[in-house]
Amino acid sequence: MAYRILIVDDSAVMRVMLVDMVESLGHQVAAQADTAAGALKAFKEAKPDLVLLDVSLPDGDGLSVLREIRRASPSARVIMVTGNDQKKIRDQAIALGAKGVLCKPFDIGELTARLSQAGAPARPA
Amino acid sequence: MKLRSGQKEVLSRLLEVGVTRSAELLGKMSRTKWSVVASSVSEIPVVRLLTWFQRDGGRYLGARFISHDPLSLRFLVIFPDRSSKAVTASVTRPYAGKMRDFPDIVRSTIGEVSNILAQGIVGAVADEFGAKVIFSSPEVNDGTKTNLFAGVLGDYDARKDMLMMAQIDMCSEDLTAECSVIMIAGVESLQRLLAN
């Protein structure tokens, strides 16, 4: 079964790339957001199966969004997508319940691996 | 207030690690090899930094980022106009069909590329000191180097603040492109971090 995925990134170019990769893997894009506030709103409205969540957002940081999402929905699957390949950010993301951290720049193979780690089927029907 | 020689050595070593990582990341994004042409660390008063680039009247696209506690940093990543277009074309090539009518594709791409470049460098510093550094979203502007620097230095006191400036110049022969990554930190803030 295809996952419905919420994509959160402040970069429009990165969102286009993520949408292309997600759809080429057979999943659906449930919604897109470019801010922390937009991410929380889209999460409530679209009820995605999984969230790809950027760490740096213009109105807050993705770790705070992760905390809010997990508070609202403790079983939410979230993968952090970030250029911040810092140990402390990675550790904090996992401690807050992220299913994985995907470091930019990444290719479709790395995205597939993280989605699979988060429980998404590799080749959805 | 100045950095001690041991502190400068630590900083230079961390920058070397970070710069190597950044060149790899830029290479992966643009699918071409990038080399570090020059790398330097200087301590310089704000007022001098503002006049540093006055002779260069060329047009550049610059992405700036700011981080606050525990480490207050400013990053400015500068691409000459032609290089910004070459890098954008290379990074977005696999998605060219979907981005044909994309508004501000060069600014958006350079913002993202610059973010990843800056993160490569700051990651080395953050990990060394067990710190977490999260940048603001990129702000991308065009202008001369002097204009772009003035935007980054806005809230430093030109009369008294002493800054540490690390500048790394990179180039890609395949793309005939170049860029400069400039990291700026207040010397006092940096000394607090290096004292740990």
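User: At what angle do helix α3 of chain B and helix α4 of chain B pack?

Analyst: This is a predicted model, in which local features need pLDDT of at least 70 and side-chain atom pairs count only at pLDDT 80 or more, while totals for chains, interfaces and linings use all residues. Residues are numbered from 1 along each chain as its sequence is written, and chains are lettered from A and ligands numbered from 1 in the order in which they are written. Helices (DSSP runs of H or I, at least four residues) and strands (E, at least two) are numbered from the N terminus. The axes of α3(B), residues 81-92, and α4(B), residues 105-128, lie 9 Å apart, and the packing angle is about 80 degrees.

User: Which strands stand at the edges of the open sheet in chain A?

Analyst: The sheet has 5 strands with parallel pairing (at least two DSSP bridges between two strands), and their order is β2-β1-β3-β6-β7. Two of these strands have a single partner each, so one side of each is left without a neighbour in the sheet, and they are β2 (28-33) and β7 (100-103).

User: Which residue is the bridge partner of A:I79 in β7(A)?

Analyst: Strand β6(A), residues 78-82, runs parallel to β7(A), and 4 bridges join the two. Within β7(A), the residue that partners A:I79 is A:G100.

User: What angle does the direction of helix α1 of chain A make with that of β1(A)?

Analyst: Helix α1(A), residues 12-24, packs on the sheet and touches β1 (4-8), β2 and β3 (50-54), where contact means C-beta atoms, placed from the backbone, within 7 Å. Its direction makes with that of β1(A) an angle of about 165 degrees.

Key:
Axes are lines fitted to C-alpha atoms, for helices over the stretch in contact, and angles run from 0 to 180 degrees between N-to-C directions. Two residues are in contact if their C-beta atoms, placed from the backbone, lie within 7 Å.
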